[in-house]
Amino acid sequence: MGNETQDNFEEFYREWRDEQKQQLDNLVFASNNSQPPQTDSSSLSVLVAGVVAHYERYYKTKSKCAKADVLLLLSPPWTTSLEDAFIWVGGWRPTTAFHLLYSKSGLQFVAKFEAVESGAAASPIDLGDLSSEQVHLIDTLQRRTIVEERKISEKLAKQQERVADAEMVELSHDVNELSRVEGDDTSFVTGRIKSTLKLKEEGFHKILQSADDLRLGTIKAVVDILTPMQAVHFLIAAAELQLSLRDWGREKEEREASSQAVA
């Protein structure tokens with residue numbers, strides 16, 4: 001069941017990534033070809049809604065697979081070691097969205113300032129044009145997200161500590177004692193092991209679901225605060241970072257594999 005779940009989700013994930021790359025191309029095209037006053041046109045809203053729906057499909061499919069094998073989704077074997085270094089409860093930290101937003105906003109603000117200094121024509125609205133009201137709404141959302149993220153982190157810590165609770169310690173002792181007496185055959189306690197671990201996995205599943213709900217909810221909430229064109233730039237930055245980490249991680253692993261082969 002575990003291998004089947006992995007194969008199914010990994011295939012879905014590859015297809016989802018390919019679609020993300022195509023969506024990124026569409027977003028970039030829209031950002032380069034939309035000029036005022038068409039910046040907030042309905043076509044941009046449709047494009048943004050399609051990207052958000054793409055994220056929704058990912059988390060919906062992930063939730064179904066997690067019911068079959070939550071441990072697989074918490075430690076996905078299809079990610080690179082570089083991506084693994086940034087994983088929090090099976091995915092990206094929700095608060096990363098705000099760091100991404102402010103980083104891109106700062107870069108685009110500087111670009112606008114330099115353009116004005118050089119006498120260039122005014123550029124279309126982007127994340128460098130966040131209004132004071134938008135900044136306030138984003139700050140409020142960020143504070144709320146930090147609180148929710150910390151709650152999930154605390155739940156995860158408590159769940160991980162349960163690896164050494166009385167039930168697990170007693171079970172591991174009994175299994176090892178019986179193994180020493182009966183040899184390697186501990187099949188008669190398999191049912192007890194499965195039932196005990198199943199309860200642990202159910203706890204992890206609830207935490208993963210909460211984390212994914214917060215991730216998706218954060219994306220939606222940020223997009224709702226932004227204008228359609230600003231949302232386009234935010235989604236471009238998110239996709240570029242995600243895809244780049246994937247590519248950099250693969251390149252790093254390929255270089256390491258090549259150097260080991262030569263050695």
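Reader: How many helices and strands does the secondary structure of the chain come to?

Author: In this predicted model, the chain has nine helices and zero strands. Along the sequence the pattern is therefore α-α-α-α-α-α-α-α-α.

Reader: What radius of gyration does the chain have, and what would a compact globule of 263 residues have?

Author: The general idea is to set the value beside the globule rule. A compact globule of 263 residues would come out near 18 Å, whereas this chain has 23 Å. Along the principal axes, the C-alpha atoms fill a box of roughly 85 × 50 × 30 Å.

Reader: Of the contacts in the chain with a separation of 6 or more, what percentage is between residues 24 or more positions apart?

Author: Such pairs account for 82% of those contacts. As for burial, 39% of the 263 residues count as buried.

Reader: How much accessible surface does the chain have, and what part belongs to carbon and sulfur atoms?

Author: The accessible surface comes to about 15,300 Å², and carbon and sulfur atoms hold 55% of that. For charge, there are 30 positive and 42 negative side chains. The centres of these two sets lie 4 Å apart.

Reader: How many aromatic pairs are there?

Author: The count is eleven. Take Phe 9 and Tyr 58: their rings are 6.1 Å apart, centre to centre, with 55° between the planes, a tilted pair. The partners come from distant parts of the chain, Phe 9 from helix α1 (residues 2–33) and Tyr 58 from helix α2 (residues 42–68), 49 residues apart.

Reader: Why do Phe 9 and Tyr 58 count as buried?

Author: Buried means under 20% relative accessible area. Phe 9 is at 0% relative accessibility, so Phe 9 qualifies. Tyr 58 is at 13%, so Tyr 58 qualifies too.

Reader: Is Arg 246 buried or exposed?

Author: Arg 246 has 10% relative accessibility and so counts as buried. Arg 246 lies in helix α9 (residues 228–262). Leaving aside residues up to four places away in sequence, Arg 246 touches Arg 17, Trp 78, Thr 79, Thr 80 and Glu 83. Trp 78, one of these contacts, also belongs to the aromatic cluster.

Key:
Residues numbered from 1 in each chain as written. Predicted model: local features only at pLDDT ≥ 70, side-chain atom pairs only at ≥ 80, totals over all residues. Heavy atoms only, no water. Helix = DSSP H or I, 4+ residues; strand = E, 2+ residues; numbered from the N terminus. Rg over C-alpha atoms; globule rule 2.2 N^0.38 Å. Buried < 20%, exposed > 50% of the residue type's maximum accessible area, 1.4 Å probe, protein only. Contact = heavy atoms within 4.5 Å. Areas by Shrake-Rupley, 256 points an atom, 1.4 Å probe, with all protein chains shown as cover. Lys, Arg positive; Asp, Glu negative; His and termini not counted. Charge placed at Lys NZ, Arg CZ, Asp CG, Glu CD. Phe/Tyr/Trp six-rings, centres within 6.5 Å; stacked < 30°, edge-to-face > 60°.
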